[in-house]
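Here is a short briefing to read alongside the structure. Take a moment to turn the model around before you go on.

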Amino acid sequence: MKVRFLVLFIVISTLVMSACGKKEIENAVNWPVKDFSATTQENKPFGLKDLKGKIWISDFIFTSCADVCPPMTSNLVKLQKKVKDEGLKNVEFVSFSVDPTVDSPEVLDRYAKQFGVKFENWTFLTGYNQAFIEEFAAKNFKTIVKKPAEGTQVIHQTFLYLVDQDGNIIKTYSGYKDVPFDEIMNDIKALQ
């Protein structure tokens, strides 16, 4: 009886102590991202398999955006710098174009360079059709993307998405104003 009690005590103690060391991410959503096929700003194929085992921050932008996309991209440049300064490894940035007929790989490349994007861990994606990105955003990221029949501006939200190593969206954040940089950094560290 004493041996069983001792074994049970050790098992429970180990579980409690290991749980104490793990950081929890508040308000985690755990939405799985389905596989996709896209083209990078370097005109190379890219899909979910290219992000396997990596933490990634994602957003939806387009290069002719008249208002929210430039600040969102600038905010992600700041976050990319923070990730580098903290020495965090296996963190990628992925920007999906919501206007793929306009945003060719070359256009995305020029757009990113205007902001000083470091391409070693940031990929801009296009190469799919409008219907795909609208459905993909809605089903996977629970966000709206809609290109009206008239005009050049695409309707989309301004969230940043934290995705874990298994391709699950863990959390969303404001990517336009009042970006919670410290919270995002803490959540990335918790996933590592």
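This is a predicted model: local features need pLDDT of at least 70, side-chain atom pairs count only at pLDDT 80 or more; totals for chains, interfaces and linings use all residues.

## Strand β6 and its surroundings

Threonine 39 has threonine 126 of β6 as its bridge partner.

**Neighbours of β6**
- Strand β2, covering residues 37–40, pairs with β6 in the antiparallel sense over two bridges.
- Strand β5, covering residues 91–97, pairs with β6 in the parallel sense, and four bridges link them.
- Within β6, leucine 125 is the bridge partner of phenylalanine 96.
- A right-handed β-α-β unit is formed by β5, helix α3 (residues 105–114) and β6.

**How enclosed is β6?**
- Strand β6 spans residues 122–126, and five of its five residues are buried, so the strand is largely enclosed by the rest of the structure.
- In a regular strand, side chains alternate between the two faces of the sheet.
- On one side of β6 you will find Trp122, Phe124 and Thr126, all buried.

- Is cysteine 65 buried or exposed? Cysteine 65 counts as buried because its relative accessibility is 9%, and the cut-off for buried is under 20%.
- Cysteine 69 also counts as buried, with a relative accessibility of 0%.
- A disulfide is a covalent bond between the sulfur atoms of two cysteines.
- How many disulfides does the structure hold? The number is zero.

Technical notes:
Residues are numbered from 1 along each chain as its sequence is written. Side-chain values use heavy atoms; hydrogens and water are left out. A disulfide is a pair of cysteine sulfur atoms within 2.5 Å. Buried means under 20% relative accessible area, exposed over 50%, partly exposed in between (1.4 Å probe, protein chains only). Two strands pair if DSSP finds at least two bridges between them. A crossover is right-handed if, with the strands pointing away from the viewer, the path from the first strand over the helix to the second runs clockwise.
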